[in-house]
Structures are given as structure tokens and as C-alpha cells.
Amino acid sequence: MGGDTMDGTKRQRRGDTRQRIQDVALELFSEHGYEKTSLREIAEHLDVTKAALYYHFKTKEDILKSLFQDLSRPMDELIEWGRQQPRTLATKQEILHRYSNALADAAPLFRFMQENQAAVRELRTGEDFKDRMIRMIDLLKEPEADLTNQVRCISALFSMHAGMFMLKDVEGDPEEKRKAILEVAVDLVTQAHSGPVAP
């Protein structure tokens, strides 16, 4: 089934109505744009009444918030785990590995975010996500890191996002692409962790 992943941690896709609404809504938001998709269209695609849809979500924004919450949960758990670990290179590499798996699970949502940036900016969820990114970067960079190494840590995370988005149309196995993106991110954080190099 579509919910299986390498590490098996993904929330179970039981095929329940709420999950189906999220999946179809995300597909339509990505295809037609958030603004141009109506609740009626989502209900029609699911072959359910609007009343059945309202039982789970009152607005499009509610659906979007629920999608972000589902992504936020593993991110919050990862941030919490990272804070309890020693600030070693091995910890930072493990954070990147775990984040890579979370991103693979959330690829459709990230594509939506890339293609609907205005809608995401208007929602509080966009700010919450930015806050989580800052906390993730803090786990990867050393407190006294110079500017170049701070940029390396920031670039590691954003190369994971951009790589996933840009490589979706490139030929190749999705798992191989995920590993290549992860390798670049790990290289950047490994360089940053070893500290400034004398000019």
C-alpha cells in the first residue's frame, strides 16, 4: 500500500475518509492551485457529499492545516530527539537521515508548498514551518560557527527541499535520488562540523 516506507514510521494510511480527503485535496491543490480548488470539487472527486466532507473539515484551510500538522509531528519529534543527543557529527548525520525519510513521506506536501507559496505565506502554518526550520538548523550548526559554516548547515536542509522538488522530473529511481540528495546534505554538515578552514 502507498503508505509503506523504508523505516516503517509513517502514519498508517488506513484508507479512512479523513485520510482520503487529505490525499485528494492535496492532489487537487497541487494540480489546480489552492485558490482555484473548492470544497465541492474535493467532495466530487471523493464521491461523497459536502456534508460528509464538513464532518471532517469545515474549510480548505482546515484540510491544509491538518496536512501540515501531520508533517509537523515527525519534525517536532526529531527536533526533541536531537536536543537530547550529544552535539556530535554522528547525531547531526542521523538528524539528516531521519529528516530525509520524513521528507520522502511528505513529498506531495512539499511540492504543494513550492507551487503555492503565496497561499502558504498567508497561513499561520507557513510561519510555524519556518520556526521549525530555524530549530532544525540550530541542531545542525555549532553555536560559534562562522558565517560560511552557518550557510553550509542552512544549505544542507534547503538542498534537501530543493533537490526533492527539482529532481521529481529527472529520470531515475526515487530512492536513488533521495540518497543522492541526502549525501550532499551530509557532506555540507560534515564540512561545517569540522569548523573553519584556515585561508
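Author: Buried means under 20% relative accessible area, exposed means over 50%, and partly exposed lies in between. The model discussed here is predicted.

Reader: Why does Glu94 count as partly exposed?

Author: The relative accessibility of Glu94 is 31%.

Reader: What makes the pairing of Arg98 and Glu94 a salt bridge?

Author: The rule asks for a side-chain nitrogen of Lys or Arg within 4 Å of a carboxyl oxygen of Asp or Glu. For Arg98 and Glu94 the N to O distance is 2.9 Å, and therefore the pair meets the rule. Both residues lie in helix 5, 4 residues apart, about one turn of the helix.

Reader: Is Asp70 buried or exposed, and how do you know?

Author: Asp70 has a relative accessible area of 11%. The limit for buried is under 20%, so Asp70 is buried. Its salt-bridge partner, Arg73, with an N to O distance of 3.4 Å, is partly exposed at 44% relative accessibility.

Reader: Why is helix 4 called oblique to helix 6?

Author: The axes of helix 4 (residues 60-83) and helix 6 (residues 107-115) cross at roughly 125°. That angle makes helix 4 oblique to helix 6, because roughly perpendicular ends at 115 degrees and roughly antiparallel begins over 145.

Reader: Which residues of helix 4 and helix 6 meet?

Author: Leu64, Leu67, Phe68 and Leu71 in helix 4 meet Leu109, Phe110, Phe112 and Met113 in helix 6. The residues of this contact divide into 8 nonpolar, no polar and no charged.

Key:
Residues are numbered from 1 along each chain as its sequence is written. This is a predicted model: local features need pLDDT of at least 70, side-chain atom pairs count only at pLDDT 80 or more; totals for chains, interfaces and linings use all residues. Side-chain values use heavy atoms; hydrogens and water are left out. Axes are lines fitted to C-alpha atoms, for helices over the stretch in contact, and angles run from 0 to 180 degrees between N-to-C directions. Helices (H or I, at least four residues) and strands (E, at least two) are DSSP runs, numbered from the N terminus. Angles under 35 degrees count as roughly parallel, over 145 as roughly antiparallel, 65 to 115 as roughly perpendicular and the rest as oblique. Contact means heavy atoms within 4.5 Å. Ala, Val, Leu, Ile, Met, Phe, Trp, Tyr, Cys and Pro count as nonpolar, Asp, Glu, Lys and Arg as charged, and the others, Gly among them, as polar. Buried means under 20% relative accessible area, exposed over 50%, partly exposed in between (1.4 Å probe, protein chains only).
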